Amino acid sequence: MNSPAVQYMSECFVQPEYFSEEMKQPCYLTPWDLVMLSVQYIQKGLLFRKPAIPPASVDQVDFIKTLLDRLKHSLSLTLVHFYPLAGRLVTRQTDSPPSYVVFVDCNNSPGAKFIHASLDMAISDILSPTYVPLVVQSFFDHDRALNHDGHSRPLLSIQVTELVDGIFIGCSMNHVLGDGTSFWNFFNAFSEIFQAQGKMASISRPPVIKRWFPDGRDPIINLPFTHRDEFIRRYEAPQLLERIFHFTGESIARLKAKANAEAGNNTNKISSFQALSALVWRSITRIRNLPPDQTTGCRMAADNRPRLEPPLPREYFGNSINPLRGVTTVGELLGHDLGWAAWKLHQTVVNQTDKAVREWLDAWWKSPFMYHLDRLFDPFSIMMGSSPRFNKYGNEFGLGQAVALRSGYAHKFDGKVSAYPGHEGGGSIDLEICLPPHSMTALEADEEFMEATSC
């Protein structure tokens, strides 16, 4: 039997509550931003319980109307601080002299999109199944859109999906505008303003909108292209199962201690996330039954903000990440223990210094390129995305703490793993793992992996 489909009730556009002179200026993009043009929007959202109001009552109708009105008003105030999200991408191209510049026009757009939808399903229908139901992908706007589509699509969409007993608030943000740190800084500010009853003139962590460029670099980057088809590649995910695996704080602590003990040299430098990443890398590689000489990698997204000298503030709004890759052969990875793999990942992270960041930028300026999902990731490796350090469950919209976090269609492929904080806190972590059906079945039978989870 097919599950019910999401019904779209209404949509509108929301602009900043007011415009300043600063908002009228173009926002030029860095290499970290431009490299995202051919990948997909960030799609993350939170599931909340509804108050105990009879479904057909007048109070239920008033509750939804009031919630939507408050969300729209809070969004308009939040966009005053994060005003590039209310803009659109623009390409300025000339033939004489040759020029191809992509930037954000913050002043010529209908604004961010706001959608109200409904679904005749309950929270248990979303959370009880072993695998994340496909209908969850309908909780987000911009399904399958690439960031370059932000020339004609909103750079930010908020979709509020009303379930029988729940509310899902899904946010789709153009990845050219920011990375995961920027995404959650926006979401946190949105929640903060909502909780202040929409009266907050300031927020506790205002974003730094001005883009960072190395000294001597022109912020107007002329790309070596004449048409978008030269760098845009559409991506369609293969058939995948998506499952949330839970790791308690105690299990994470044991993994960290084990990895540090096995790495030798009396080290305690391996982090919890590096130890967990090593476990996942080894486990998924093992169940894939690859030949020993096959190269395999574990990719992680490194935040460059604290690595630059001087460092960028955490509130820097934009992209400031690079994918790092610990790499070895299947034989080496599985022939050694957890500590060996975790130490390799630790060294990969440590080597991402100010010098390495600037060398990447210099190389990009000499030969600009875009990330493409079908080329950046291979079926022999894994990618650890998102972060359990982001403040995700601290977002409340008059509904108490969220009961779960889910993502959309974007950036799903064989071996994609997203890390979220566990709902109960205390150092617990949820991993959203995407694998083909046969691989997922094999992972669920992997003794080392399943012993570490509480699923």
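Begin by selecting Leu71, Leu75, Leu85, Leu156, Ile158, Phe186 and Leu223, the residues with the most contacts inside the largest nonpolar core, which has 89 residues; such a core is a set of buried Ala, Val, Leu, Ile, Met, Phe, Trp, Tyr and Cys residues joined through side-chain atoms within 4.5 Å, where buried means under 20% relative accessible area with a 1.4 Å probe, protein chains only. Next select residues 58–81, helix α2, which gives the most to this core, with nine residues; helices are DSSP runs of H or I with at least four residues, strands are E runs of at least two, and both are numbered from the N terminus.

The model is predicted, with local features needing pLDDT of at least 70 and side-chain atom pairs counting only at pLDDT 80 or more, while totals for chains, interfaces and linings use all residues. Residues are numbered from 1 along each chain as its sequence is written, and side-chain values use heavy atoms, leaving out hydrogens and water.

Now centre on Leu85 which, leaving aside its neighbours within four places in sequence, is in contact (heavy atoms within 4.5 Å) with Leu79, Ala112, Leu155, Leu156, Met173, Leu177, Phe186 and Phe317. Then move to Ala259, Ala275, Val280 and Ile429, which are included in a second, separate core of 36 residues.

Finally, display the whole chain, whose secondary structure comes to 12 helices and 15 strands and whose C-alpha atoms fill a box of roughly 65 × 60 × 40 Å along the principal axes. Of its 455 residues, 57% are buried, and residues 24 or more positions apart account for 81% of the contacts with a separation of 6 or more.

How values were computed
Buried < 20%, exposed > 50% of the residue type's maximum accessible area, 1.4 Å probe, protein only.
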